[in-house]
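Hi there,

Here is the structure I promised to pass on. Have a look at it first, and then read on for what turned up.

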Amino acid sequence: MVNVFERTKTQTVKLLATSIKKKRVGILGGTFNPPHLGHLIIADQVADQLDLDEVLFMPDATPPHVDKKLAIDAKDRAKMVAASIHNNPRFHLELSEIMRGGVSYTYDTMLELRRRHPENDYFFIIGGDMVAYLPKWHRIAELQKIVKFVGVRREGYEIKSDFPVIWVDVPLIDVSSTLIRKKIRNHHSIHYLVTPGVEQYIKEHQLYLD
Ligand SMILES: Nc1ncnc2c1ncn2[C@@H]1O[C@H](COP(=O)(O)OP(=O)(O)OP(=O)(O)O)[C@@H](O)[C@H]1O
Ligand SMILES: O=C(O)c1ccc[n+]([C@@H]2O[C@H](COP(=O)([O-])O)[C@@H](O)[C@H]2O)c1
């Protein structure tokens, strides 16, 4: 007969084994100013084709490139991301960069995520407009050792880079946050370009009107 102590020990070991199951985790980092259907489609296509367990949508605090101005608060961007992804159980909001504050270098973030879950495989998703700049990213040589980069093509950008990237085929989606902001400023429709929750949030908070 198995004594209670032994049974508990076996169960605990089993529990620990399942709780540290290695996951394949995609990360879509961005400014999400605002999040749009392009973000959702690329995350879903990559998750499907690379068989990912989850995708973390991770709004940055201050983007590393100096030319990106952020007029709206990180809280608004995070709330809009939450509204975009709430009905997809594979998508999660990752707040590490906003909580850490300052310039959001991916290397610092990956160290933090790896500390939390060293067992996982991480796949950082980037659009074709970003791939050419990868060699210039902060501590890229070390970063490459702890994350795999996944590239998706983007309308209007030709890829000329021999940087090691896993390419995933996605339908070309000619939508950007810049386009959405411009449409709002010009009082044009953004219906179907963002989720209904994001459209409502933008209206309620009167974002991007100037
Ligand atoms: N339509 C799209 N097709 C492919 N990749 C995209 C698309 N939209 C965004 N991405 C990628 O998603 C990531 C996060 O994008 P980000 O939040 O900066 O949106 P954006 O539309 O590029 O914003 P902005 O127009 O303000 O520069 C980046 O790697 C970007 O290249
Ligand atoms: O770490 C870097 O040097 C670095 C340089 C450029 C971009 N990134 C990350 O790439 C992601 C997409 O950037 P962006 O500006 O297109 O939203 C976002 O998570 C940024 O923090 C990171």
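A term to start with: two strands are said to pair if DSSP finds at least two bridges between them. Helices (H or I, at least four residues) and strands (E, at least two) are DSSP runs, numbered from the N terminus. With that settled, β2 and β3 pair in the parallel sense over three bridges, and F57 stands opposite L93 in β3.

Before the rest, a word on what this is. It is a predicted model, in which local features need pLDDT of at least 70 and side-chain atom pairs count only at pLDDT 80 or more, while totals for chains, interfaces and linings use all residues. Residues are numbered from 1 along each chain as its sequence is written, and chains are lettered from A and ligands numbered from 1 in the order in which they are written. The chain averages a pLDDT (the predictor's confidence in each residue, from 0 to 100) of 91, and 89% of the residues score at least 70. The model scores are ipTM 0.99 and pTM 0.92.

Six strands make an open sheet, ordered β3-β2-β1-β4-β5-β6, with parallel pairing. At its edges are β3 (91-93) and β6 (166-168), each of which pairs on one side only. From one strand to the next the twist averages 30°, where axes are lines fitted to C-alpha atoms (for helices over the stretch in contact) and angles run from 0 to 180 degrees between N-to-C directions.

Six of its seven residues are buried, so β1 is largely enclosed by the rest of the structure. Here a residue is buried if 20 or more other C-beta atoms lie within 10 Å of its own, exposed if 12 or fewer, and partly exposed in between, with C-beta atoms placed from the backbone. β1 pairs with β4 (residues 121-127) in the parallel sense over four bridges, and V25 has Y122 as its bridge partner in β4. With β2 (residues 54-59), β1 pairs in the parallel sense over six bridges, and G29 stands opposite M58 in β2. Between β1 and β2 the chain passes through helix α2 (residues 37-49), and this β-α-β crossover is right-handed; that is, with the strands pointing away from the viewer, the path from the first strand over the helix to the second runs clockwise.

Strand β5 (residues 148-152) is mostly covered, four of its five residues being buried. β5 and β6 pair in the parallel sense over three bridges, and V152 stands opposite V168 in β6.

**The two ligands**

What surrounds ligand 1? There are 19 residues around ligand 1, the closest being G30, G38, G127, S176 and T178; a residue is near a molecule or strand if its C-beta atom, placed from the backbone, lies within 6 Å of it. Two or more residues of this shell come from each of β1, α2, β4, α6 (128-131) and α8 (177-185), and α2 gives the largest share, three residues. By class, the shell around ligand 1 has eight nonpolar, nine polar and two charged residues. In this scheme Ala, Val, Leu, Ile, Met, Phe, Trp, Tyr, Cys and Pro count as nonpolar, Asp, Glu, Lys and Arg as charged, and the others, Gly among them, as polar.

Around ligand 2 there are 15 residues, the closest being G29, P64, T106, W137 and H138. β1 and α5 (106-116) each supply at least two residues of that shell, which divides into six nonpolar, seven polar and two charged residues.

**Backbone details to check**

Most residues other than glycine have a negative phi, and most peptide bonds are trans. Here are the spots I would point you to:

- N33 and P34 are joined by a cis peptide bond, with omega about 5°; P34 is in the loop between β1 and α2.
- D51, in the loop between α2 and β2, has a positive phi near 55°. D51 is exposed, with 8 other C-beta atoms within 10 Å.
- Q206, in the segment after α9 (196-204), has a positive phi of about 50°.

Best wishes
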